[in-house]
Amino acid sequence: MEARIEFIQLEPERDYDIAGLRVRAKRQHHGGDSYGYRIERAGKVVVYSTDSEHKQDDPKEVEAFVEFFRAADLVIFDAQYSLADAISVKEDWGHSSNVVGMEMCQLARAKRLCLYHHEPIFDDERIAALLAETRRLEEITRGDHRVEIHAAYDGLEIPL
């Protein structure tokens with residue numbers, strides 16, 4: 001089978017038109033580099049930010065990602081660890097937490113957050129508990145904007 005394979009390296013912080021979609025890449029904190037993507041079309045925005053550690057001790061970095069997530073219809077977010085693990089024993093492993101994702105989506109006024117890149121040792125019950133905890137935390141910290149929260153699973157579809 002013949003194929004023409006072409007690799008085009010996207011420059012971070014620059015918009016590209018790809019197949020009718022506006023795509024912007026953003027470099028993320030992860031060993032060996034990682035990039036998140038903001039994809040826009042017809043007034044809808046999806047942000048894919050996985051394999052990324054979102055450190056909360058750098059206000060400029062937090063604000064840069066809040067702007068990247070700004071008003072997204074859906075943010076797919078690396079929530080592999082608990083907040084305690086993400087900032088202690090697994091710091092610098094390149095992954096984030098459900099709490100950080102939820103807080104950043106609240107600040108960005110994103111509509112939906114999908115927790116993704118689950119800890120491989122978590123079973124379905126643990127993921128369901130994590131989802132329930134995250135939804136409860138969103139509810140008790142909510143201001144005038146609600147963030148709808150999901151946990152990724154095979155076959156999940158989230159209408160925008």
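**Entry 1: what covers helix 1**

I began with the buried residues of helix 1 and asked what lies over them. The cover includes strand 2, strand 3, strand 4, strand 5 and helix 3 (98-108). I note here that I am working with a predicted model.

Which residues of helix 1 are buried? I listed Val-62, Phe-65, Val-66, Phe-68 and Phe-69. They sit on the same side of helix 1, because the arc they cover around the axis is only 160°. On the face turned away from that buried side I found the exposed residues Pro-59 and Lys-60.

I also checked what comes after the helix. Ala-71 follows helix 1 and has a positive phi, near 55°.

**Entry 2: aromatic rings**

How many aromatic pairs does a search of the whole structure find? The search gives five. I looked at Phe-65 and Phe-68: the ring centres are 6.2 Å apart and the planes stand at 85°, so I wrote this pair down as edge-to-face. For that label the planes have to be over 60 degrees apart.

Phe-65 and Phe-68 both belong to helix 1 (residues 59-69), and three residues, about one turn of the helix, separate them. I kept a reminder beside this: an α-helix has 3.6 residues a turn, so residues three or four places apart point the same way.

Next I took Phe-68 with Phe-69. Their ring centres are 6.3 Å apart and the planes make 45°, so this pair counts as tilted.

Buried or exposed, I asked of Phe-68 and Phe-69 in turn? Phe-68 is buried, with a relative accessible area of 4%. Phe-69 is buried too, and its relative accessible area is 0%.

Then I put the rings together. One aromatic cluster is formed by Phe-65, Phe-68, Phe-69 and Phe-77.

**Entry 3: charges over rings**

I wanted to know what lies over the face of Phe-65. Lys-26 does, at 4.8 Å from the ring centre. I found another case at Phe-122, where Arg-126 lies over the face, 5.0 Å from the ring centre.

Seven of them form an open sheet in the order 1-2-3-4-5-6-7, with mixed pairing. Which strands stand at the edges? I found strand 1 (15-18) and strand 7 (148-151) there; each has a single partner strand, so one side of each is left without a neighbour in the sheet. On average, neighbouring strands of this sheet are turned by 20° against each other, direction ignored.

Strand 1 and strand 2 run antiparallel and are joined by four bridges. One residue I looked up was Asp-17, whose bridge partner in strand 2 is Arg-22. The two strands make a hairpin with two residues between them, and Ala-19 in the turn has a positive phi of about 55°.

Further along, strand 2 (residues 21-28) and strand 3 (residues 34-41) are antiparallel as well, with seven bridges. Here Ala-25 has Tyr-37 in strand 3 as its bridge partner.

**Entry 4: helices on the sheet**

Back to helix 1, now seen from the sheet. Helix 1 packs on the sheet and touches strand 2, strand 3, strand 4 (44-49) and strand 5 (74-78); its direction makes about 160° with that of strand 2. Helix 4 (residues 124-141) lies across strand 6 (112-116) and strand 7, and it runs at about 170° to strand 7.

**Entry 5: Tyr-37 and Leu-10**

I finished with two residues that touch each other. Tyr-37 is in strand 3. I noted Tyr-37 as partly exposed, with a relative accessible area of 28%. Leaving out residues up to four places away in sequence, Tyr-37 touches several others, among them Leu-10, Ala-25, Val-46 and Phe-68.

Where is Leu-10? I found Leu-10 in the segment before strand 1. Apart from neighbours within four places in sequence, the contacts of Leu-10 are Tyr-16, Ile-18, Val-23, Ala-25 and Tyr-37.

I made a last note on distances. Leu-10 and Asp-144 are 134 residues apart in sequence, and their C-alpha atoms are 36 Å apart in space. For Tyr-37 and Ala-3, 34 residues apart along the chain, the C-alpha separation is 26 Å.

Notes
Residues numbered from 1 in each chain as written. Predicted model: local features only at pLDDT ≥ 70, side-chain atom pairs only at ≥ 80, totals over all residues. Heavy atoms only, no water. Phe/Tyr/Trp six-rings, centres within 6.5 Å; stacked < 30°, edge-to-face > 60°. Buried < 20%, exposed > 50% of the residue type's maximum accessible area, 1.4 Å probe, protein only. Lys NZ or Arg CZ within 6 Å of the ring centre and 35° of its normal. Pairing = 2+ DSSP bridges. Axes fitted to C-alpha atoms, helices over the stretch in contact; angles between N-to-C directions. Contact = heavy atoms within 4.5 Å. Arc of directions from axis to C-beta.
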